[in-house]
Amino acid sequence: MAAQPMPAGDRPPLYSLRHLTYTYPDGTPGLREITLDIFAGDRMALVGRNGSGKSTLIRHLNGLFTAQTGECRYQDQPLIGALIPEIRLRVGMLFQDPDDHLFCPTLYEDVAFGPRNQGHREDEVDRLVRDSLTMVGLDSLCGKPAHHLSYGQKKRAALATILAMKPHVLILDEPTANLDSRQEAVFKRLLHEYTGTLIIIEHNLLFLHDLCERAVVLADGRVYHDYAFNDLLSNPQALREHGLDFTFRFAGRNRHYIGAGHHHHYLPTHDHGTEGGHLTPKDSGVPLIELQHYSFCYSDGTPAINDINLGLFAGETIALVGENGAGKSTLAHCLLGLHRGKGTFLVDGRPLVKGDWPLLWRRVGIVFQYSADQLFCPSCWEEVAFGPQQLGLSPREIELRVQKALAVVQLEGFDKRVPLHMSGGERKRLAIAATLSLQPEILILDEPTASLDPKSEEQLLAVLEALPMAMLLITHDLFFIRRLCSRTIVLHQGLIIRDYKTGAFFADNQLRTINGLDNIN
Amino acid sequence: MTSLATRTIVLTPSQGVVFLLCLLAPLLLLLGCRWRRRKILGRMSTPLDWSIPAIDAQAHGSSVFHCWMPAVKIGSLLCLSFLIVALHSLFWSMVSVLIALIAVHLARIPWQRPLQRLAAVSGLCALFLLVLPLTSPPRPGETILLVPLLEWLPLRLTGVVLALTISCKAATVALLMEPMFATSELSRTLQGFTNLGLPGTLIQMILLCHRYLFVFQQEAARMQRAMRVRGFVPRTNLATLRTTGNSLGMLFIRSFERTERVYEAMLSRGYRGTFPAAAKQFPTAKDVAKGLVAVLIGVLLLVLDRLYPVQWP
Amino acid sequence: MHIADGVLPVSVSLAGYALTLAGVGYSLRRLDSANLPKVAVVTSSFFVASLVHLPLGPTSVHLLLPGIVGALLGPAAFLSITIGLFLQSILFQFGGLTALGANSLMMGLPALLAGFVFPRIRGRTRTSNALAGILVSGGGVLLAGLLLAALLATAGEDFWGVAKLAVAAHVPVMFIEAGVGGCTVAFLFQVKPELLAVQTFSGPRNEQ
């Protein structure tokens, strides 16, 4: 399928790529025969599955990679040699992990790094630093080291380091990964204010919606389509082909209707109350785990969660929502016994005694936000077998559990694969399998959808929907909440401010606003 | 008998108790700190035994040390430290501890960090204090201490004095570290080293390394937490070694991958092999005067030490 | 174990400093400037790895890692170790500032040796790599222990007892570290062999 170039008029292109091909040193093809023009003032979305060559492509645009075969020209000059350092001062590039951008001892130094390299005088540097920090709302933190910032703040700080250089071209690699909606909105506002050429890699097409005018779809290192952005959105078949089909999110609505007082399932597997939500099965009157008046402070005295009352029942799926920093992860760690706070911790209705703490992991499993933190074995089999081995099970039982867990997450036959080399979605499912092999009664998932492409999200959803155990889902993703959860708990500044049926949660616009799902503070 | 004969001092019980307390002080400090830390860590999910302290948490102040140009401060205090470790006699080493205590007091920083530093050196000091009195080689004319109830364990005075001297010197420099490094921001302090002639690239490397300590510490902590929730308990066995080996391997892979990304981010913002330097500073007369005082104190101590090598006060 | 301030004679401390500075200067000049930030970032992960304590009977030991650092960094290992020890000294007081030179030699020389030996003996199979990892990790610790003893012995006859004890204390650490090192190398061989194959920062100056 040939690329369909946008009508360009008579403007000369800013970048013109001709038959650009790049192969990694280990032989993996990165780009194949890319031909593409990017014009000054373009606002372009670069989309495609994980591994389709988007990151490789943007690295050519500021000379991090140079053309192996083919050509990459900037303002009609080939991007090689002495031009590269010059280009880098004009083309800003924001990578995914903000920690990679913040390599100086303080935030001020970090933001000053670029302008100083541009050769500005010190008073000019100072002005640029303060301006851009003010723009992202971090001016009060300019003397702090980066490790004192929260994730959202780091992400904005990283953007400030680039905005301070006043780039003509701004390239962003998945700017919204792991951000809550409030932070996302801040980003969107900042990008709206930016007037230069904008190139964004992003899975979240909804975020790009009124930000981009052009969408370039990459697949297997080729330019597959070059659309006006709205044409891409209105072409579901193309979306599906490229694993970008987030429309499953909307399709679900037809089968899973939530209205005032009603709550239907596509497959009616369990009872529902009249006011919405699932009914707790009658025979499990005692929650598996219950916290009563539970509080936890960090070692420096900052309260993290306060007076929590929460019961988890067998078989129910609960959403835990709240803005970044509301204490969701801390609460999860408390449920696992990783943090021990003050208050009553009941398991099966009985208070936990001292010796029980180290055994909580047998009943409660967690899948952390970053798969990289959880996967440390050289093969998938060992990864999934790790937990059962700690339980001291027989080799036969271990083998049985491994195969079962891999099957549940649709990774059959992956035994020998190296987890590190698998895709983001596969790694996430492997992390789930590694927890499932312990056969927990409660599964906690911390931001399971972060940085997954829509295709992987869809697979993940299918896996999660089939799991029988009680689940606690920490997420910002309203769609996953709607599809999976019967009950929603809203955490705000360490307090549970609501604990209600998901239907009621969706009806409660005001609360969604308070809790960073739309807006906060 | 000649004067070279071995002298034996038998301590009274009360002297014995005081003496043993002196000898065991570092050990007690060490155990005390361990116990306290364990109490704090018991409630936390911190799987690492040490979290990384903020060295320059107290960087903003108005003490003598805070308003001292870092280059001169580092240079002269380092000089002082070297002069102090050159001391030979116990008495003057004790005096140096006193001086270091005064310095910490003048720097007006909380005592917690200096105490932590003392605890960190106390392990090695305890080793010296326990071993040297027993293993010092026999010398003609030496003195042997007998502690009541421990008569079967003769302690050689040379060893005792030597171990105490070392402990005092180690404690002095450990205490001086706080006024030296905690009283201005780390980047400014290290910038001071460039003024002393160390290459700027080295200093930038140290700062980069310091910055990413926190990132990797978080990563390692999260990885250990993930191992723990899957039932991993470190024990003295092969499985533990294997799991630790794997997780370290993973940590290294992640760090090598991160280096590439950091370097790309640096290049993208115009890095060309050198960090842009901030403006140069020059010392004032006051800075230099303070430096001279510090060095003079050290020289004076050393001279007194060599002229009057007093062991016991 | 790191040497504290005041243990070594001043002459030895100063000689240690002189040698270390010479070594660092040489590394800085020899390494490509593009690699310096990378070495720094990797050093932080070694630092963090050395904070991991492993239980040994009733007590626990932490890893020293000269062997692994050497195997992964080659000639850049000395620079990396010096930076790491400097930070350990100013952050934790592990090892005195005046003894930094001696401490760097004590850990850096075994690392350099490991970096020299490892690529020559590692072979091509997972087992031979693991064995080479065991050898350089364990050997690195042993050598560090012996250097420590030698440095202590320079302080006079009084310290010989402590020196022997120090070597003895390194023996259990050696076994633990040999085990961990072997596993780390085996893991890297399976998952990312290129880290072992090219000592990443030691090659000839590459174009940048």
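Mentor: Two strands pair if DSSP finds at least two bridges between them. Strands (E, at least two residues) and helices (H or I, at least four) are DSSP runs, numbered from the N terminus. This is a predicted model: local features need pLDDT of at least 70, side-chain atom pairs count only at pLDDT 80 or more, and totals for chains, interfaces and linings use all residues. Residues are numbered from 1 along each chain as its sequence is written, while chains are lettered from A and ligands numbered from 1 in the order in which they are written.

Trainee: How do you know that S1 and S2 of chain C are joined?

Mentor: Count the bridges: strand S1 (residues 53–56) and strand S2 (residues 59–62) of chain C share four, against the at least two that pairing asks for. So they are a pair, and they run antiparallel. Within it, C:Leu56 sits opposite C:Thr59.

Trainee: What lies between S1(C) and S2(C)?

Mentor: Two residues, and the strands form a hairpin. C:Gly57, in the turn, has a positive phi of about 55 degrees.

Trainee: What makes S3 and S8 of chain A a pair?

Mentor: Four bridges again, which passes the cut-off of at least two. Here S3 (residues 43–47) and S8 (residues 197–201) of chain A are parallel, with A:Met44 facing A:Ile199.

Trainee: Which sheet of chain A holds S3 and S8?

Mentor: An open one of six strands with mixed pairing, in the order S6-S7-S8-S3-S9-S10.

Trainee: Why are S6 and S10 of chain A said to stand at the edges?

Mentor: Strand S6 (91–94) and strand S10 (222–228) of chain A each have a single partner strand, so one side of each has no neighbour in the sheet.

Trainee: What makes a set of residues the largest nonpolar core here?

Mentor: A core is a set of buried Ala, Val, Leu, Ile, Met, Phe, Trp, Tyr and Cys residues joined through C-beta atoms within 7 Å; buried means 20 or more other C-beta atoms within 10 Å. The largest such set has 307 residues, and A:Leu46 and A:Ala433 are among those with the most contacts inside it. Helix H5 (residues 157–181) of chain B gives the most, 16 residues.

Trainee: What does A:Ala433 touch?

Mentor: Contact means C-beta atoms, placed from the backbone, within 7 Å. Leaving out residues up to four places away in sequence, A:Ala433 touches A:Val384, A:Ala405, A:Leu406, A:Val408, A:Val409 and A:Leu411.

Trainee: How many residues meet between chains B and C?

Mentor: Chain C brings 59 residues and chain B 68. On chain C's side, H2(C) has the largest share, 13 residues.

Definitions and conventions:
Buried ≥ 20, exposed ≤ 12 C-beta atoms within 10 Å, placed from the backbone. Contact = placed C-beta atoms within 7 Å.
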